[in-house]
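This report describes one protein structure.

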Amino acid sequence: MKILVTGGAGFIGSALIRHIIDSTADSVVNLDKLTYAGNLESLAEVSDSERYTFEHVDICDRAELDRVFDEHQPDAVMHLAAESHVDRSIDGPTAFIETNIVGTYTLLEAARQYWQSLNNNGKTAFRFHHISTDEVYGDLEGPEDLFTESTPYAPSSPYSASKASSDHLVRAWQRTYGLPVLITNCSNNYGPYHFPEKLIPLIILNALEGKPLPIYGKGDQIRDWLYVEDHARALYKVVAEGQVGETYNIGGHNEKRNIEVVHTLCDLLDELRPVGANSFAQHLTSYKDLITHVQDRPGHDLRYAIDASKIQRDLGWTPEETFETGIRKTVEWYLNNTEWIEHIKSGAYQQWLEKNYNHRAATP
Ligand code: NAD
């Protein structure tokens, strides 16, 4: 397959592209606007592959999307491009409406026009895989409840409402126009190359700098954590083997309260980089001493947990990492990849991008 991946410079998109290039014979066209969350350095290990191409394009730009479909003739689209941070959506929802709703609509229309131009075999084989979140389902009530593929939508934040909208558009494009779509709704991801605004990398990086470790409220919010490389494997299975028109929930069977996650991170850091070794922290006995509780996010959902039995039963996917193995790998990765972190923080990867792509554009 030649797969058009949108948002491939982001956290999950880059894990997906590394997986496709490293573990399959398929080709990838990475289409990304490179917002603050897009980082081509996360693709450094695969970007020299002949099976990898980058297109610096906004999914709201229809003319550019038409050019990309025409030029690359993909067999499948895996759509991950999105604004993805709940706090940013509360602060300023506009970009979420534009990219997640209008952008998805624009991409659907470009994909539909391209799909209609294919011959019958091409039409039957084509896939539009929309990557979404379990946050569209809202909050879970009982401690034993799980989100299934038929749980009604009840999004709480501008982010999850915009993702829910995009899911509805994708389903409507199948029902109305016959576009062969697949949808996945996944729980919280964690792992290497995660932008430091999200909980797990934020805690690791703040701890290493002796900064406060901020916990919303009491830290009682429960999330079902999935290692990002397990998500990438699941996504590839769905696009390659999933049943057209189906939705698959993807989860890690790892429900943890936020405070438990932070304690685990502190324990691992205490083991791997003892706090007393830092010049800022000679008076501390554990990174836990840095934990600070802050005012909770408005409308914060208390519990998400996924029933992933359908994808296990129908496609044979189960996560390879437990929370304990995945979180240790993650902490070790952040300890060993200070250069990636420094570039993110200094914005140097933006300069690297210009340097790298300006001269490439001039090459015949
Ligand atoms: P991310 O914020 O790390 O990356 C998003 C990527 O999309 C970035 O590379 C960004 O440059 C690109 N992008 C943003 N707007 C664009 C536009 N208008 N045109 C083209 N590219 C654009 O996000 P992520 O965490 O990798 O999430 C990827 C997808 O998975 C999202 O759709 C998100 O809703 C979904 N998801 C995320 C999680 C999670 O835990 N992170 C869980 C479930 C589902």
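Which residues in α2 meet which residues in α4?

## Basis of the model

This is a predicted model, in which local features need pLDDT of at least 70 and side-chain atom pairs count only at pLDDT 80 or more, while totals for chains, interfaces and linings use all residues. Residues are numbered from 1 along each chain as its sequence is written, and side-chain values use heavy atoms, with hydrogens and water left out.

## Packing of α2 with α4

On the α2 side, Arg62, Leu65, Asp66 and Phe69 meet Thr106, Leu107, Glu109, Ala110, Ala111, Gln113 and Tyr114 in α4; contact here means heavy atoms within 4.5 Å. By class, these residues divide into six nonpolar, two polar and three charged. In this classification Ala, Val, Leu, Ile, Met, Phe, Trp, Tyr, Cys and Pro count as nonpolar, Asp, Glu, Lys and Arg as charged, and the others, Gly among them, as polar. Helices (H or I, at least four residues) and strands (E, at least two) are DSSP runs, numbered from the N terminus.

Two packed helices are described by the angle between their axes and the distance between the axes. For α2 and α4 (residues 94-116), the axes come within 9 Å and cross at roughly 35 degrees. Axes are lines fitted to C-alpha atoms, for helices over the stretch in contact, and angles run from 0 to 180 degrees between N-to-C directions. The crossing of α2 and α4 is right-handed: a crossing is right-handed if the near helix is turned clockwise from the far one by less than a right angle, and left-handed if anticlockwise.

## Packing of α1 with α8

The axes of α1 and α8 come within 9 Å, crossing at roughly 65 degrees, and this crossing is right-handed. From α1, the contact uses Phe11, Ile12, Ala15, Leu16, His19 and Ile20; from α8, it uses Val228, His231, Ala232, Arg233, Leu235 and Tyr236. Nine of the contact residues are nonpolar, two polar and one charged.

Helix α8 has 14 residues and reaches 20 Å from its first C-alpha to its last, close to the 20 Å expected at 1.5 Å a residue. The expected span is 1.5 Å times one less than the number of residues. Val228, Asp230, His231, Ala232, Ala234, Leu235, Tyr236, Val238 and Val239 are the buried residues of α8. Buried means under 20% relative accessible area, exposed over 50%, and partly exposed in between (1.4 Å probe, protein chains only).

## Nonpolar cores

A nonpolar core is a set of buried Ala, Val, Leu, Ile, Met, Phe, Trp, Tyr and Cys residues joined through side-chain atoms within 4.5 Å. The largest core has 44 residues, of which Val5, Leu16, Ile17, Tyr52, Met78, Ile250 and Ile311 touch the most other members. Elements that each supply at least two residues include β1 (2-6), α1 (11-23), β3 (52-56), β6 (181-186) and α10 (309-315). The largest share, seven residues, comes from α8.

Leaving aside neighbours within four places in sequence, Ile311 is in contact with Ala234, Val238, Tyr248, Asn249, Ile250, Gly316 and Trp317. A second, separate core of 33 residues includes Val262, Leu269, Val275 and Trp333.

## Helix α11

Helix α11 (residues 323-336) has 14 residues, which at 1.5 Å a residue should span 20 Å; its end C-alpha atoms are 20 Å apart, in agreement. Its buried residues are Phe323, Gly326, Ile327, Thr330, Val331, Trp333, Tyr334 and Leu335. Among the elements covering them are α7 (199-208), α9 (258-272) and α12 (338-346).

## Individual residues

His130 is in strand β5 (residues 127-133) and counts as buried because its relative accessibility is 0%. Beyond four places in sequence, the contacts of His130 are His79, Thr104, Lys163, Ser166, Asp167, Val170, Leu182, Ile183 and Thr184. By contrast, Thr176 of α6 (residues 158-177) is exposed, with a relative accessible area of 56%.

Gln73, in the loop between α2 (62-72) and β4, has a phi near 50 degrees, a positive value in a residue other than glycine. At 42% relative accessibility, Gln73 counts as partly exposed. His253, in the loop between β11 and β12 (255-257), also has a positive phi, of about 55 degrees, although it is not a glycine. Leaving aside neighbours within four places in sequence, His253 is in contact with Asp224, Ala308 and Pro319.
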